[in-house]
Amino acid sequence: MPSWGHGEDVGKSLREIQTVTEGLKTLYREKLLPLEKQYSFSDFHSPGLEDADFDNKPMVLVVGQYSTGKTTFIRYLLEQDYPGGRVGPEPTTDSFTAIMYGDMESIIPGNALIVDPNKPFRKLNPFGNKFLNRFQCVQLPNQVLESISIIDTPGILSAAKKRLSRGYDFPAVLQWFAEHVDRIILLCDAHKLDLSDEFTRTIGALRGNEDKLRVVLNKADLVDTQQLMRVYGALMWSLGKVFRTPEVLRVYIGSFWSAPFRVPDYRRLFEREEESLFKDIQDLPRNAALRKLNDLVKRARLVRAHVYIINYLKQEMPLVFGRENKKKDLIYDLPDIFTRIQQRSQISPGDFPDCARMQERLMSHDFAKFKALKPKLMLALDEFLTTDIAKLMPLLRKEELEVVNQPKVQGGVFLGANRGPFNEGNPFMQVQENGEECDLADVDWVVAKDKTKYDEIFYSLSPTKGKLSGTKVKNWMMSTQLPTSVLGRIWKLSDVDQDGLLDEEEFALASYLIEVKLDGHGLPPALPPHLVPPSKRRRKSSKDGELMNNEQ
């Protein structure tokens, strides 16, 4: 293991580091973890970090009251159902579900999950069996999950259900996830803006991670324009009270499902909001290294404040008599102690932990067993914050330049963005997909049974030379009121030859897929053989033959 000591040793170690993640892991093990162990940091705050915490893909935590559309939102992203993803007006999701990529569909229960060193969940063990029985990992072969992982959560109980006990510390679990994820999506229902006690405690658990938080006002097309304006204002006022901050939170408005819009006038607003939110999610892999660096620096500043607090309490304890009374007095005076430490050690108030939570956890500790300040360890921490992190910045900028041209999150609903006539500003932008074409089996085309009906619509749109332009098809497809991202997926699947036009068979295919979607079914990630138009099957075979002849 390289040493992060002084002078030449530090320079040598930095030259050996190849990635920002590798550097952060080494810095944490050498300079931060010893302090955490020495001063029992994990007893008061979050457990120590492991390699999996640095190596894992970006994670998105989806939080909200019950029946706000959390599971539907995830299905909308993935364009796929997942085991355990039940939808209903009652609190259907009763477990924390980590949705991650896997070659085969499988479910890993919580007790097995926390012993897997390749998963970043090993430190959830202290929450006990009651929680672990309500925690699972679902693995799916989904393209979206190749870039990010998603955490589905139980619905936050309303005021009427607040007396129900979960059997584990729900806000504490949420706080752990909030500290480890890259993005937090807080879903609110336009019909359900009552802030229960559990909702308020949940928001408190997210406090300190506001930079990761994105608020979504979901199911917004179920109210008319005047009601939507009032609901939006009420939500902003309520969130301002709960977060206790003068800054205005960014709230995205929309209805994140594949159903047709009930209020067509909202389409343009919802599309822009969806595009903005999804772009934020798509950029997560590119910003992953920066997020890890930011979170580690935030953790280091909290560790520094924690060490000074423990040292102060240690110094104030009497040697023999009156320890219990002195302990009670120190806990009661903790707000004043925070102020003294801030002034004496020049530490920002924002680096200190929540005072009430710290007072609660100090009650069960023996102050006489606290460790005194070790200047050598504190010097290493100061170097970490002032020198070592700065030396990683050139490597971070280099990685940022390298990932600019790398693909963002792909698959699922993201496949429908900016495709065909649904790309504003360039109606016929075509994105070529790499992949090997397989020889299709001689199977019946399922669209053929309704093709006569589709042909009537096709010719009513006045095709030119047997094909319809994107503009003509776009107007007709948007009349279905399906979201633009869904229509983009349908266009991409239907434009088999990728010429920016739809012929008679391709239009019939598009019409069939629209009907399938309106019936509530999902779209395939690629056309299965029974959906490929017959003429396109023959054309693919002839192209393969021409390609083979040219290669010879």
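Me: How are H14 and H15 oriented to each other: roughly parallel or roughly perpendicular?

Reply: This is a predicted model. In it, helix H14 (residues 334-345) and helix H15 (residues 355-362) pack at an angle of about 115°. Angles of 65 to 115 degrees count as roughly perpendicular, so H14 and H15 are roughly perpendicular to each other.

Me: How far apart are the axes of H14 and H15, and what is the hand of the crossing?

Reply: The axes of H14 and H15 are 10 Å apart, and the crossing is right-handed.

Me: Which residues make that contact?

Reply: H14 contributes Leu334, Pro335 and Phe338. From H15 come Cys355, Met358, Gln359 and Leu362. By class, the residues of the contact of H14 with H15 are six nonpolar, one polar and no charged.

Me: OK, H17 and H20 next. At what angle do they pack?

Reply: Helix H17 (residues 451-460) packs with helix H20 (residues 504-518) at about 110°, and their axes are 9 Å apart. H17 and H20 are therefore roughly perpendicular to each other. Their crossing is right-handed.

Me: And which residues of H17 and H20 are in contact?

Reply: On H17, they are Lys451, Lys453, Tyr454, Asp455, Ile457, Phe458 and Tyr459. On H20, they are Glu504, Glu505, Phe507, Ala508, Ser511, Tyr512 and Glu515.

Me: How do the residues of that contact divide into nonpolar, polar and charged?

Reply: The contact of H17 with H20 has seven nonpolar residues, one polar and six charged.

Me: Switching to the sheet. What's the strand order?

Reply: The order is S3-S4-S2-S5-S1-S6-S7-S8, eight strands in an open sheet with mixed pairing.

Me: Which strands stand at the edges?

Reply: Strand S3 (106-109) and strand S8 (251-253) do. Each has a single partner strand, so one side of each is left without a neighbour in the sheet. Ignoring direction, neighbouring strands of this sheet are turned by 25° against each other on average.

Me: How many bridges join S1 to S6?

Reply: Five bridges join strand S1 (residues 59-64) to strand S6 (residues 183-189), and the two run parallel. Val60 stands opposite Arg183 in S6.

Me: Which strands does H5 touch?

Reply: Helix H5 (residues 70-78) packs on the sheet, touching S1, strand S2 (96-101), strand S4 (135-140), strand S5 (149-152) and S6. The direction of H5 makes about 160° with that of S5.

Me: And where does H10 lie?

Reply: Helix H10 (residues 225-243) lies across S6, strand S7 (213-218) and S8. H10 runs at about 150° to S7.

Definitions and conventions. Residues numbered from 1 in each chain as written. Predicted model: local features only at pLDDT ≥ 70, side-chain atom pairs only at ≥ 80, totals over all residues. Heavy atoms only, no water. Axes fitted to C-alpha atoms, helices over the stretch in contact; angles between N-to-C directions. Helix = DSSP H or I, 4+ residues; strand = E, 2+ residues; numbered from the N terminus. Parallel < 35°, antiparallel > 145°, perpendicular 65-115°, else oblique. Left-handed = near helix turned anticlockwise from the far one by under 90°. Contact = heavy atoms within 4.5 Å. Nonpolar A, V, L, I, M, F, W, Y, C, P; charged D, E, K, R; others polar. Pairing = 2+ DSSP bridges.
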